[in-house]
Amino acid sequence: MRVIGTVLLSLLISLGVVRTVCAQESPLLLSSVSLSSASVTEGHALQGTVTLNMAAPADGAAVSLAADPASAALVPSVVKVPAGATSATFAVSANVPSSVTIYGNYGVTKSDSLSVVPRMSIDQVADRVIERERAVVAEMKHLHPIAETYIQNLKSDHDSIVAPSSDQYFLGRLDLSKGVDDQLFEKQTGLSLRALNLFPGIFSRKFLPVGFAQMVMLDQDFQKKNYDFKFVRQEFLGEVRCLVLDVQPKGNAGGRFLGRIWVEDREYNIVRFNGTYSPHSRYSYYLHFDSWRLNLQAGFWLPSYVFIEETNFKGVGPLLPGLHFKAQTRLWSYDPEPLKHSQEFADIQIDAVQDQTDSAKEAGPVEAQRMWERTAEDNAVDHLQKVGLLAPQGDIDKILQTVVNNLIVTNNLEIIPDVRCRVLLTSPLESFTVGHTIVVSRGLLDVLPDEASLAMTLAHELSHIALGHRIDTKFAFNDRFFFPDVNTFQRMDFARNSAEEQAADTKAMELLQNSPYKDKLANAGLFLKALQSRAPELTSLIRAHLGNRMEEGKNIRMAALLSGAPALEANRVDQIAALPLGGRVKLDPWSNRLEMMKTKPVALLSPQEKMPFEVTPFFPYLTRLNNAPVERAAAQ
Ligand SMILES: [Zn+2]
């Protein structure tokens with residue numbers, strides 16, 4: 001679609017139709033191009049009409065025509081409006097399923113669009129979709145991505161302002177090898193049991209947390225005999241052209257999908273499905289979800305994001321309460337060997353270095369201690385990456401590194417070995433240090449409103465390093481990591497004692513006062529106020545799995561910044577104290593690599609749109625794996 005401008009221009013030039021309108025008294029111009037239908041089946045034709053702004057002269061008026069993409073539909077290069085007439089018709093024959101724009105030019109260019117829908121019957125499409133979906137179910141049995149579900153229960157106040165009233169968090173590895181199962185990371189089992197109690201009986205068993213995992217698959221046993229399919233339209237999701245189908249279960253069997261599916265039109269993989277399971281009954285109620293998949297492997301679109309929302313305030317049956325919540329499930333760490341791939345490069349470098357070191361230096365006691373601590377640090381960081389909790393090194397680390405360097409340089413700090421920065425892939429807001437490695441969670445990066453708030457976060461962690469707060473060197477022994485992934489939160493703990501926390505806060509204030517961020521600390525203080533104001537409700541988001549909580553009771557990290565911050569004004573649209581989750585960092589669910597999201601800035605229209613710390617629906621921009629050559633071929 002992006003190339004339309006140049007394509008059209010070159011088309012029109014080649015047709016010799018880019019002309020200047022002569023300075024006649026009243027110019028004869030094309031006033032419209034219209035089509036008899038907005039869609040047509042491939043291989044069929046429809047009628048187009050060109051209309052002029054006045055009657056054609058004695059020799060008629062030749063209107064040039066072109067279709068874009070030219071391969072998708074055939075139109076005559078010229079249609080002649082006869083003398084004295086204002087319009088003429090022409091045939092458009094549809095060749096290839098696509099969105100097509102028909103352009104006409106006489107003095108000016110006008111256009112109209114149509115969809116060419118595939119000739120395959122809905123029945124044939126359904127066969128292909130089911131075949132692909134069964135392949136995805138089989139593939140998913142071998143894959144064990146991490147699944148994170150974060151739920152925000154909502155309440156509306158007297159002014160109908162909706163805000164979170166409580167939250168729940170689950171992190172686990174998805175295991176579909178024996179049906180739907182979700183292996184929770186330990187230290188959370190207590191949490192999930194408490195969460196279950198919020199929902200009575202059958203409801204809880206159905207939904208938490210297994211029910212959330214279920215929504216990544218449409219139907220574990222997807223069969224044509226169980227469903228009716230109806231074609232709705234064609235639609236682009238990102239760069240991917242999709243057929244949109246409505247799907248309804250036949251008969252009354254429980255747990256069947258009911259809703260709409262988006263199917264990419266090359267291999268007929270489901271890329272999005274939106275709806276619920278049916279039927280609802282007095283005793284069970286299925287949640288509504290919008291589930292998205294990304295093209296992570298050749299030929300496979302794998303579950304990546306699910307948004308779940310219920311706004312059923314009144315209750316859905318005698319045994320089921322009213323529901324008002326929204327939730328996100330994110331999946332990542334599909335690649336079973338993340339560490340191996342990202343270290344191939346490092347291994348080669350080490351070989352090269354060994355060749356040159358004839359005069360190998362021996363380590364003295366101080367150096368030996370530093371190397372020992374660095375070993376513990378490297379082991380711990382590698383383990384976190386191996387289990388899929390830490391992103392491989394990447395561009396976002398460099399952004400964090402730049403801010404850390406600003407703090408180091410302006411404070412003349414000398415730190416050996418170097419400080420490094422990494423990103424934890426989870427949503428809860430936390431940061432901590434592993435030796436000289438500063439780790440910040442993806443969720444925290446998302447909600448921080450500006451660079452000064454990021455500098456505040458990093459300054460606290462850098463202070464631990466500058467003050468010599470040490471890593472537990474038990475991690476220097478490799479056997480310490482021989483435990484199941486899901487025990488990671490139990491076995492690894494980088495929390496500091498309260499004396500170290502206070503010392504780091506004090507030191508961090510000093511670092512910030514000497515830094516380029518010293519005049520912008522009011523914003524950082526404002527962020528802390530926002531955090532403090534939401535902390536009572538968002539206990540699962542504002543908690544630490546591996547480090548220290550940013551907020552604990554009345555104590556908040558870097559509390560000295562609060563006094564310099566303006567008052568929190570929830571109703572002011574231009575005061576942004578904290579951002580929603582998911583707005584900054586984009587995660588590749590296969591490789592765990594991170595990049596900054598490319599979103600355009602949006603002016604907020606109401607305070608409701610501020611949504612600090614809140615979850616929102618997903619609308620990923622879908623692309624095909626190794627997209628470029630295919631799309632280019634299609635455009636020609
Ligand atoms: Zn700390």
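Q: Why is Asn 592 called buried?
A: In this predicted model, Asn 592 has 23 other C-beta atoms within 10 Å. A residue is buried if 20 or more lie within that distance, and Asn 592 is therefore classed as buried.

Q: Where is Asn 592 placed, and what is noted about its phi?
A: Asn 592 belongs to the loop between strand E25 (585-587) and strand E26 (594-596). Its phi is near 70°, a positive value in a residue other than glycine.

Q: What makes Phe 613 buried rather than exposed?
A: Around Phe 613 there are 26 other C-beta atoms within 10 Å. Burial requires 20 or more, whereas an exposed residue has 12 or fewer; Phe 613 therefore counts as buried.

Q: Where does Phe 613 lie, and what is its phi?
A: Phe 613 is located in the loop between E26 and helix H14 (628-635). Although Phe 613 is not a glycine, its phi is positive, at about 65°.

Q: How do you know that E20 and E22 pair?
A: Strand E22 (residues 437-441) and E20 are linked by five bridges in the parallel sense. Pairing calls for at least two bridges, so E20 and E22 qualify as paired strands. Within this part of the structure, Val 423 stands opposite Val 440 in E22.

Q: What makes E20 and E21 edge strands?
A: The open sheet has three strands in the order E20-E22-E21, with mixed pairing. Strand E20 (420-424) and strand E21 (431-434) each pair on one side only, and they are the edge strands. From one strand to the next, the twist averages 25°.

Q: Which helices pack on this sheet?
A: Helix H7 (residues 365-386) touches E20, E21 and E22, and its direction makes about 130° with that of E21. Helix H8 (residues 395-410) also packs on the sheet, touching E20 and E22; the direction of H8 makes about 135° with that of E20.

Q: Where are Pro 69 and Pro 417 found?
A: Pro 69 occurs in the loop between strand E4 (61-68) and strand E5 (73-74). Pro 417 occurs in the loop between H8 and E20.

Methods
Residues are numbered from 1 along each chain as its sequence is written. This is a predicted model: local features need pLDDT of at least 70, side-chain atom pairs count only at pLDDT 80 or more; totals for chains, interfaces and linings use all residues. Helices (H or I, at least four residues) and strands (E, at least two) are DSSP runs, numbered from the N terminus. Axes are lines fitted to C-alpha atoms, for helices over the stretch in contact, and angles run from 0 to 180 degrees between N-to-C directions. Two residues are in contact if their C-beta atoms, placed from the backbone, lie within 7 Å.
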